[in-house]
Amino acid sequence: MATSWFSVLLLVSIVFSCFLAASAGDFYQDFDLTWGDKRAEILNGGRLLTLSLDKASGSGFRSKREYVFGRIDMQIKLVSGNSAGTVTAFYLSSEGPNHDEIDFEFLGNLSGDPYIVHTNVYSQGKGDREQQFYLWFDPTKNFHTYSIIWSPQGITFMVDNIPIRVFNNEESIGVPFPKNQPMKVYSSLWDADEWATRGGLVKTDWSKAPFKAYYRNFNAYSWNSVGTDVWRTRALDATGRRWLRWAQKYHMVYNYCADLKRFPHGRPLECRRSRFL
């Protein structure tokens, strides 16, 4: 019997959790603090990393290793309170003008409003494949796990092991797909009040600075670490489809495939092929 894709994701999670304690992420070992001076800090013996943003600068970090296919997990506690205008980004990216990139971006909000998670996929320098979701919990109260599963068959975005988006490999119909360029893991906290909150209508309140985001339990492993067979199926099973439909029906707030004004000459090819993007 063929293994279902959602079952594969759960299997990967279980396999990986078996050695979570032994590889729960040493930020000293896994990452370089790349900008922001002392606004980025590694604490608790390498088990916790914080990013800070004030009016002078944000901050960021980058993995020492590059990855081609696999699963990336990070537990993040986002900026609390009035975070309007701020963006916390967590993503994979290669370098150069024709880079590949797989993005989570968390758009700050006014106190009491839900956070928006913005997702995007770039291949060969071209993106414009945005989907946005309201998170169904307060991501500032506790740590939550954000995952990117990248295989030759597709890319799955997950929040606490719930799939919210699948971007399939549709090279057979001429859609570029990231597969050849090794990517590093990046994260940054920065000011984007020209667009981040309500299209830029709500600006950053610098009296609330410094803004802080917290990271722990980074995990990354290549697809070979669990065997090539687990990546061969591409379709979500019934449980996975239910979760995906739930996320897209009740929590999606923007889908580029449904933005007909943006594509007056016809939707992108991948939008015509799949319901789940």
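Buried means under 20% relative accessible area, exposed over 50% and partly exposed in between, using a 1.4 Å probe and protein chains only. The model is predicted: local features need pLDDT of at least 70, side-chain atom pairs count only at pLDDT 80 or more, and totals for chains, interfaces and linings use all residues. Residues are numbered from 1 along each chain as its sequence is written, and side-chain values use heavy atoms, with hydrogens and water left out.

**View 1. The disulfide between Cys257 and Cys271.**
The structure holds one disulfide, a term for a pair of cysteine sulfur atoms within 2.5 Å. Here the sulfur atoms of Cys257 and Cys271 are 2.0 Å apart. The torsion about the S-S bond is about -75°, so the disulfide is left-handed. Cys257 sits in the loop between strand S15 (252-255) and helix H4 (269-273), and Cys271 in helix H4, so the pair ties together parts that are 14 residues apart in sequence. Helices (H or I, at least four residues) and strands (E, at least two) are DSSP runs, numbered from the N terminus. Cys271 counts as buried because its relative accessible area is 5%. Cys257 is buried too, at 5% relative accessibility.

**View 2. Strand S7 and its neighbours S6 and S8.**
Seven of the seven residues of S7 are buried. Glu101, Asp103, Glu105 and Leu107 point one way from the strand; Ile102, Phe104 and Phe106 point the other way. In a regular strand the side chains alternate between the two faces of the sheet. Strands count as paired if DSSP finds at least two bridges between them. S7 pairs with S6 (residues 86-93) in the antiparallel sense over seven bridges. Thr88 stands opposite Phe106 of S7. S7 also pairs with S8 in the antiparallel sense, over seven bridges. There, Phe104 has Thr119 as its bridge partner.

**View 3. Asn109 in the loop between S7 and S8.**
This loop joins S7 (101-107) and S8 (116-122). UniProt places a "glycosylation site" at Asn109, in an unreviewed entry. UniProt positions follow the numbering used here, feature names are shortened, and annotations may be inferred rather than shown by experiment. Asn109 is buried, at 8% relative accessibility. Contact means heavy atoms within 4.5 Å. Leaving out residues up to four places away in sequence, Asn109 touches Gly81, Asn82, Ser83, Ala84, Pro114, Tyr115 and Thr197.

**View 4. Ser151 in strand S10.**
Strand S10 covers residues 144-151. Ser151 is buried, at 0% relative accessibility. A polar atom of the Ser151 side chain lies 3.0 Å from the backbone nitrogen of Gln153.

Notes
Polar contact = N/O pair within 3.5 Å; in protein donor to acceptor, adjacent residues only side chain to side chain.
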